[in-house]
Amino acid sequence: MSRSSLRTTVAAALGVAGTAVGALAAHDLTQKRHTILRIYPVIGHMRYLLEGLRPELQQYFIERNWDGRPFDRDIRSIVYQRAKGIHGEQAFGTERDVDAAGYEYLVHSIHPAPQPESVPRVQIGGPDCARPYSMALLNVSAMSFGALSANAVRALNQGAQRGGFAQDTGEGSLTPYHEEMGGDLIWELGTGYFGARTEDGRLDEDIFRDKATKDQVKCISVKLSQGAKPGIGGVLPAPKVSAEIAEIRGVPAGEKCVSPASHTMFDTPVGLIEFLVRLRELSGGKPVGIKLCVGSKVEVLSLCKAMLEVGTAPDFIIVDGSEGGTGAAPLEFEDHMGMPLTQGLMTMHNALVGTGLRDRIRLGASGKVAAGNDIVKRIIQGADFTNSARAMMMAIGCIQAQRCHTGHCPTGVTTQDPYRQRGLVVEDKSVRVTQYQQGTVAEAVKLMAAMGVSSPSELRPWMLRRNLSQTANASYAELYEWLEPEQLLTDPPEDWAAAWAAASAQSFRTHH
Ligand SMILES: Cc1cc2nc3c(=O)[nH]c(=O)nc-3n(C[C@H](O)[C@H](O)[C@H](O)COP(=O)(O)O)c2cc1C
Ligand code: SF4
């Protein structure tokens, strides 16, 4: 190109750019939606650009190893490393402030126990269950197809199949993607009864029976609430309700899919237990359970009274903490509603012990379980097994960009966009799920051995200690009240007496 024609081209380009900037400035000055742009035309767009990049800037340049949220960099790194089969050892020592109030540590033994020859598992299924299930210590927590992409569901299920653990379907129903890989499933029924609903939104028993009796379905879980949004039903934002999802769930495509806040199949604690009995019959005697974020002690005790009255109990109860994750929820609910896992789990555990029901029910715990110490801590607080949602998402590539509700997940985990999903290669990521679960459980087992116990059943509340201040610390045995078997039936302690008296098997609406 000659010099003069180059000059002409550059001048033309500058002219076009100038016109575009002028048009943008005119648009910004006259539009009425954005104050910033009316006052700072053109350059005001920088604010929106930087606002959009804020999570990445924060994560890449500002966040320190221990203060990222919801999961800090150390935890994310350990999940990624375990998922890749890297051992995940750290050099040089802890970066945590071990003197700070709130810091917790496990109590080791001078005489560690030998490691067990096989990895411990938990038998699920009380006396009324005909088909008990042997559950792993760590499983894939409930996440629906819809919130998750098809490839994410496949990778998680294949990982579970290879590693001998279970995947919870989430309330979005059992789908072909769950069944394709053959991994063990916990089928979750939420308030929408998706996948087994009648036209008016109640449970269709025939459809339920057909699916629940499939061999791959190992347990049935009725979702009462979720820690990130207790008291409201599931929400699948409109951009994610594809034609396929709409068909699977039996709802209109392209519209926000909201399941009701309450169940329609029961409205009392006794009604709930009777509903579980019916589901157990329809499924051919499989373990049935509930998942909830604990709200009040009275409600928990009302459930216990209902179990005693009906004469049967759920085979398992999963307690979800308010710190738990979600595909989409209002911030007010995420931040300000429901019991954190520690309180919720100990409330449920003690209520079941105090009513003499604990032996027949297995307790699951979910809420930021990501590393081996989380498993051990939750077992000490009353759990028998744990579930993880977001750490499992990280194992298949999630980078905590927190755009799950937009349909634009950059890693193909929580999107229905075929192009983005393509990035998630099922064979590769499923291996990571297996390796992450196995590596994490192996660390939990190692921690228990270092604590001098050779089985989770030997863990005790005194083995977990908490700093109360810079100078004081106490064990969980000292900090909390641990009820004796059947104590609520004979002599309720002061802290429980009022709630016990107020609880009713006939109503959830009991206040005291
Ligand atoms: C993307 C996503 C979708 C979820 N969908 C469901 C669901 O359908 N049903 C449910 O009971 N919980 C659902 N959850 C909650 C998880 O099962 C779990 O209870 C919670 O995230 C706590 O675990 P975490 O801290 O390991 O993520 C979802 C969580 C995420 C992150
Ligand atoms: S990468 Fe971001 S948008 Fe995708 S699943 Fe993870 S947090 Fe959600």
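How do the residues of the shell around ligand 1 divide into nonpolar, polar and charged? They divide into seven nonpolar, 15 polar and seven charged. Ala, Val, Leu, Ile, Met, Phe, Trp, Tyr, Cys and Pro count here as nonpolar, Asp, Glu, Lys and Arg as charged, and the others, Gly among them, as polar.

This is a predicted model; local features need pLDDT of at least 70, side-chain atom pairs count only at pLDDT 80 or more, and totals for chains, interfaces and linings use all residues. Residues are numbered from 1 along each chain as its sequence is written, while chains are lettered from A and ligands numbered from 1 in the order in which they are written.

**Ligand shells**

Ligand 1 is surrounded by 29 residues. The closest are A142, G170, G324, G325 and A389. A residue is near a molecule if its C-beta atom, placed from the backbone, lies within 6 Å of it. Ligand 2 has 13 residues around it. C398, A401, C404, C409 and V413 come nearest. By class, the ligand 2 shell holds eight nonpolar, four polar and one charged residues.

**Annotated domain**

The unreviewed UniProt entry carries the annotation "domain: Glutamate synthase" for residues 138-453. Such annotations may be inferred rather than shown by experiment, and positions follow the numbering used here. The end C-alpha atoms of this span lie 19 Å apart. The span is 40% helix and 13% strand.

**Helix packing**

Helices (H or I, at least four residues) are DSSP runs, numbered from the N terminus. Axes are lines fitted to C-alpha atoms over the stretch in contact, and angles run from 0 to 180 degrees between N-to-C directions.

| Helix pair | Angle | Axis separation |
|---|---|---|
| α4 (residues 73-83) and α16 (residues 426-450) | about 115 degrees | 7 Å |
| α5 (residues 150-163) and α16 | about 50 degrees | 7 Å |
| α10 (residues 297-310) and α12 (residues 341-354) | about 35 degrees | 10 Å |

Angles of 65 to 115 degrees count as roughly perpendicular, under 35 as roughly parallel, over 145 as roughly antiparallel and the rest as oblique. α4 and α16 are therefore roughly perpendicular. α4 passes α16 in a right-handed crossing, meaning that the near helix is turned clockwise from the far one by less than a right angle. V79, R82 and A83 of α4 meet R432, Q435, Y436, G439 and T440 of α16. Residues are in contact if their C-beta atoms, placed from the backbone, lie within 7 Å. This contact has three nonpolar, three polar and two charged residues.

α5 and α16 are oblique to each other. Their crossing is right-handed. On the α5 side, the contact includes N151, R154 and A155; on the α16 side, it includes V426, K429 and S430. Its residues are five nonpolar, eight polar and three charged.

α10 and α12 also make a right-handed crossing. K297, V300, L301 and C304 of α10 meet T347, M348, A351 and L352 of α12. Six of these residues are nonpolar, one is polar and one is charged.

Definitions and conventions
Helices (H or I, at least four residues) and strands (E, at least two) are DSSP runs, numbered from the N terminus. Two residues are in contact if their C-beta atoms, placed from the backbone, lie within 7 Å.
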